[in-house]
Amino acid sequence: MTNTNWQAYPGETTLSDLTQPLGLNVQNFLSAATGIAVMAALARGITGRQSSGLGNFWVDLVCSILYILLPISIIVAVILVSQGVVQNFSHYIDAKTLEGGSQILPMGPAASQVAIKQLGTNGGGFFGVNSAHPFENPTPFSNFIEYLSILIIPSALVYSFGILVNRRLHGIMLLSAMFIILFAGIGISLWSEFHVNPAIGGLPFMEGKEVRFGIFPSALWSVLTTAASNGSVNAMHDSLSPLAGLVAIFNMMLGEVVFGGVGSGVYGIVLFAILTVFIAGLMVGRTPEYLGKKIETRDVFFAVIGVLLPCAVVLILSSISLVVPGGLAGLSNKGPHGLSQVLYAFTSAANNNGSAFAGLNASTPYFTILTSIAMLLGRFGVIIPVLALSDSLGRKKYTPPSTGTFPTESSLFVILLISVIVIVGALTFFPALTLGPIIEHFLMIGGRTL
Amino acid sequence: MRNLKSGILIFLIMAVLTGVVYPLVITVISQTAFPDKANGSLLSGDGEIHGSILAGQKFTLPEYFWPRPSISEYNALPSGASNQGPTSEALRQAVEDRSRELTPYISGQIPADLLLASGSGLDPHISPDAALVQIDHVAQARNLSAEQKAHLRELVNQYIEQPQWGVFGAPRVNVLRLNLAVDDTFGKPPLEGANQH
Amino acid sequence: MTTQNKKTNLFDPQIVRRAISDSFRKLDPRIQVKNPVMLVVFICAIILTIVVIVEIAGSQYSDFKFNIQIMLWLWFTVLFANFAEAIAEGRGKAQADTLRAMRKDTVARRIRNGQEEKVSASDLAIGDLVLCEAGDIIPGDGDVVEGIASVDESAITGESAPVIRESGGDRSAVTGGTRVISDRITIGITATPGQSFLDRMISMVEGAKRQQTPNERALSVLLLSLTAIFLLAVGTLKGFTTYSENASGNQSFASLTVLISLVVCLIPTTIGGLLSAIGISGMDRMLRKNVLAMSGKAVEAAGDIDVMLLDKTGTITLGNRMATSLIPVWGTSIDRLADAAQLASLPDETPEGRSIVVLAKDKYGLRGRDLPSQTRFIPFSARTRISGVDLPGRDGTMRTIRKGAIESIWNHVRSNGGLFPLELNVTAHDVARSGATPLAVAEGSEVLGLIVLKDVVKGGIRERFAELRRMGIKTIMITGDNPLTAASIAAEAGVDDFIAEATPETKLQRIRDEQSEGHLVAMIGDGTNDAPALAQSDVGVAMNTGTQAAREAGNMVDLDSNPTKLIEVVETGKQLLMTRGALTTFSIANDVSKYFAILPAMFSGLYASAGGQLGPLAALNVMGLHSPQSAVLSAVIFNALIIVALIPLALKGVKYRPLGASVILSRNLALFGLGGLIIPFVGIKLIDLLLVNFKLI
């Protein structure tokens, strides 16, 4: 099960009232629970002292659903209904508008699904425009609850991971690294969004945004949803300012690292932590250790595969799609923004996100097939190396830390981890990004449209 | 084999729990606690449903306050947005066209939200500015006296919603609500010529 | 010879000359293939060479001056990396040559069936007995089975003073190629020719048997993956560029030459080119400290050591117990006691006896005296456990002075009709409890007092242990003493733990216990009974003076036979890892600036507004480089030169200070991380200025 929830469908026209809960709810719960189960396996691998066996997947799965996902979902769903999110099994309503026209209002059990799509970092909306839709996200307060839901479980799980590996402080350090990257992203995004667009007559960036939210919560959401591999949107990312778009793409390019998906964010950042410890650990003059386990060739290999495979998928598929007719046919924008659309699509698919520069017509067979490939490689290309890594670490002897050990519970570790994450991401994607959002930013400043 | 069997069994139990029981439980709670909101916050009168307070409607007559441009023309099936990027020539063109259309009705600077389309295509709100600049054309179309126009202004000010609990969101005006109030106060305009704007 | 080596300059002209010719020899593809990162550069250089040749052949010159310069610099990059490796090997090679000259075929005097026969040393087999007399070269590795001789081992150790080798005990091992300078010994050969210590030493210093160490392999995986992703990033750039060219209607400066330059600049060539040099020089640095590592893996493991087992005797203490004070019995003057103690010890040649004489002289002003000729010396015997003198007193009577263990003197005075004072018995207990050994002194039937013998801890050893503790290493003292004595010495020396009444079995068990808790254990030893423990430990340093068995069991041999050498061994191991980490960080950090040099150069033409020549991406040219060509060329040149500039660092290693991990890390990060970000910006700009100045572009 991938956790991408690429939504090329508008829920209200293509899915019936019954398929939404049965198909999507079940999938939303199970994929989130799978993420938690893999995270637990990894934690057991790290704490295991020359043991084999990573725990029972089914027990983890059921417990995650019963004790974490379901109870929180119920609370969130009820709050959302109180704000006006619809929750019924009625037929669509044909309303007669004030001017005498007709407006079909879609109905259905939206609140129950919205709750889990936000909490489980799935992101697939009940309606086509996702959380921009007034029935899915009717008030500023529902908006607040929804974006809070994006972060709550992924960030809590990082802390839990610290507890599971008996290094609470390490969990807090991982969490701090995530928050710092997140806040840097939010800063850049807001700075850019609160400027005006000289290319469109100096208007603010309100295209694709809802008045009830305004620019701040919309930009904030775009950072959160891409950082946490959620993929739900409350504004159209295609119309974000170029640098806010850049932050969104870059967040996804980093992989599921800055919070990431439920569970998957933890193992995403652990892969980076292992690389960090390896590179920096050498600098203290010892064979690098992560949480008491020596990092050796096999471990570096699995960590590198888990980090770089999604990157490779994004680069290859985007590059191809920008030259073949099947790919170019999907673009709705010209110039660098068209490039960004394709880049966004594959980055989102390969990194388990699901949000889009939705102008790209992704429902063509070409994009359906390629994004599916990207999703599968992006999800299992990470999970399989992570499980292999857990197994490899689990078989190792535990090395007790000494003063000569590279400390993974210090602020220095946080700085290093951030540097490695950002530099690896930046070095891999900088060329592609310069030809997309970066050049678009400069064009826009120059007042040019294409 | 045993593993697979128990796997399938667990999957089925979880599917029923999350796919059937969970939405039903939420529905029962919602229909009991917030029946109006759970059913779409509908507005009805004269035995008819006029729409939802949450979903924007299309208004083209100058007697009404106009909402934001909508790519789907406030058709809710499906909802949709322009998805034009910030350097899109098409977007620049659209803004220019809208600006040209609005200029006869609105004097001075046209607020950005009247030129730029929303994400959902169903945005029920406009900014307070966008409501205030439209008082002129509503008053003119309805032939309101200066006194009535002042009343209209009062009405608009009354319908400006402040951020939720002072914290969440931006100040805004619900166009449908405002137009209903205008109709209530000054009467319903004749509907010929609607949707020709 | 090794002492000579210590002084060898890093860039000895002779070594440099050989290294230069070696760097060309290493252009052999079969050698290049071993280093995947540099192989990419190698292939890129070949491709560009073909491009240039095609241009010349077809007289189709497009940007020829630029292409040929890039091509040359790529070849330089490959050569520089080869040079780094060659110069690291160079010193080992020079050393191997000297060693090899020593291995000239000697004639062995083999004893078979009681008959002596002359055979070539290369015909000796394990178990053969050979005879060596003064002047003979020892024909092969072995143990002395009979006799005692002084041997000149300077060829191997660089130490000119001869060493004693004798049968039995812990000083029986002899090494082929060394010379007997006195006496006559019979040697049992223990190594087949070709696998002797000398042979192994030659192949080690030459690097012939060098294999990648575990950590090096892990790092290679990382470097290879980075190389792959950068190849991909540049390869896929083709699609992005084509799209952008079509969309903007402009051309980009993305020729094959530029793309190749970008790849070479991005892949981690700095660390890739220096990786093997770092490994080789690590072993070389060990050698210059007169430690012969049997594998690179052992050097690397040394950096990870967190438990160290040290023999008490000779390592922590000065080897023998020394008299440190005198305690007279109540009513006896200290001078009388000192006088008696000195008299009793004057003929005693044991170190303990001599220390008593010295103590009496230093502390109580009693000079050593010649004893009257009638003096009779009673030597220590295991039965009586007493020694002493009988000498004529001033009044003509015989004075009988005895010293010995408390119990023995007790019996001695009792049998002479005296009494052992109870008070002194109590004092003796106290002394014993404090870790020292009390000796009683008696004259006739009268007990005079106690001599306190103590293990004297070496000066400065406490500081070394504190240093080790800061490095995160736990020290364990091994001693045959009783736990009481051991504890007191352990406390005085500042070791973390001790094993008292140690036997080979308890040592081995302790090592196993530590290892099962995940520790890496180092141990230094010399005796045959150390061999199992040396073999079990992760880093076993055998002393060169030790037995052949010990030398076989360890994975390092300390030619100086200096037990505190272990600390330097650990430091060298740490340096090795640090150097790798530092250069990897530096290499990756460098890439940021290279992007800022090359990407604007490639793309500044795109989306140029009508009439304008530069597109929006010219804004990224933060270094203000002169032209696209000069920008790319500067980056490539910087990339090549930085390898040369870092060779000294790779060979010498990053400086290690015994500080906590965080301090070391932040220091190295500031130096190599931040430095790696900033330096290339400056360097590339400078090269760009020079290129423009000299009209090379």
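Across the interface of chain B and chain A, 0 salt bridges are found, a salt bridge being a side-chain nitrogen of Lys or Arg within 4 Å of a carboxyl oxygen of Asp or Glu. The model is predicted, and local features therefore require pLDDT of at least 70, side-chain atom pairs count only at pLDDT 80 or more, and totals for chains, interfaces and linings use all residues. Residues are numbered from 1 along each chain as its sequence is written, chains are lettered from A and ligands numbered from 1 in the order in which they are written, and side-chain values use heavy atoms, with hydrogens and water left out.

At least two residues of the side of chain B that touches chain A come from each of helix 1 (2–33), helix 2 (35–38), strand 2 (48–52), helix 3 (89–102), strand 3 (125–126) and helix 7 (175–186) of chain B. Helices (H or I, at least four residues) and strands (E, at least two) are DSSP runs, numbered from the N terminus. Helix 1 of chain B provides the largest share of this side, 18 residues. In total, 88 residues of chain B are in contact with 87 residues of chain A, where contact means heavy atoms within 4.5 Å. The area buried between the two chains is about 6900 Å², and carbon and sulfur atoms give 67% of it. Buried area denotes the accessible area (1.4 Å probe) that two parts lose on being put together, summed over both. B:Y22, B:P86 and B:T87 supply 12% of the area that chain B buries against chain A, more than any other three residues.

The side chain of A:E210 reaches the backbone nitrogen of B:G119 at 2.9 Å. Beyond residues up to four places away in sequence, A:E210 touches A:A132, A:N234, B:R68, B:S118, B:G119, B:S120 and B:D123. A:E210 counts as buried because its relative accessibility is 0%; buried means under 20% relative accessible area, exposed over 50%, and partly exposed in between (1.4 Å probe, protein chains only).

Chain C and chain A bury about 5100 Å² between them, 76% of it on carbon and sulfur atoms. In chain C, the residues that lose the most area to chain A are C:F240, C:Y243 and C:Y607, which together account for 15% of what that side buries. Contacts link 64 residues of chain C with 62 residues of chain A. This interface contains 1 salt bridge; C:D306 pairs with A:R286, the closest N and O atoms being 3.6 Å apart. There are also 10 residue pairs in polar contact, both residues at pLDDT 80 or more. Helix 8 of chain C gives the most to the side that touches chain A, with 21 residues.

Over all chains, the count comes to 45 salt bridges. Within chain C, C:R110 and C:D128 meet at 3.2 Å, N to O. This pair links distant parts of the chain, 18 residues apart: C:R110 lies in strand 1 (residues 107–112), and C:D128 in the loop between strand 2 (115–120) and strand 3 (129–133) of chain C. C:R110 is buried at 10% relative accessibility, and C:D128 is buried with a relative accessible area of 10%. A salt bridge also joins C:R399 and C:E443 (2.7 Å, N to O).

The largest nonpolar core has 290 residues, of which A:F161, A:Y290, C:M556 and C:M602 touch the most other members. A nonpolar core is a set of buried Ala, Val, Leu, Ile, Met, Phe, Trp, Tyr and Cys residues joined through side-chain atoms within 4.5 Å. Apart from this core lies another, of 38 residues, among them A:I200, A:M206, B:L155 and B:V182.

Conventions:
Polar contact = N/O pair within 3.5 Å; in protein donor to acceptor, adjacent residues only side chain to side chain.
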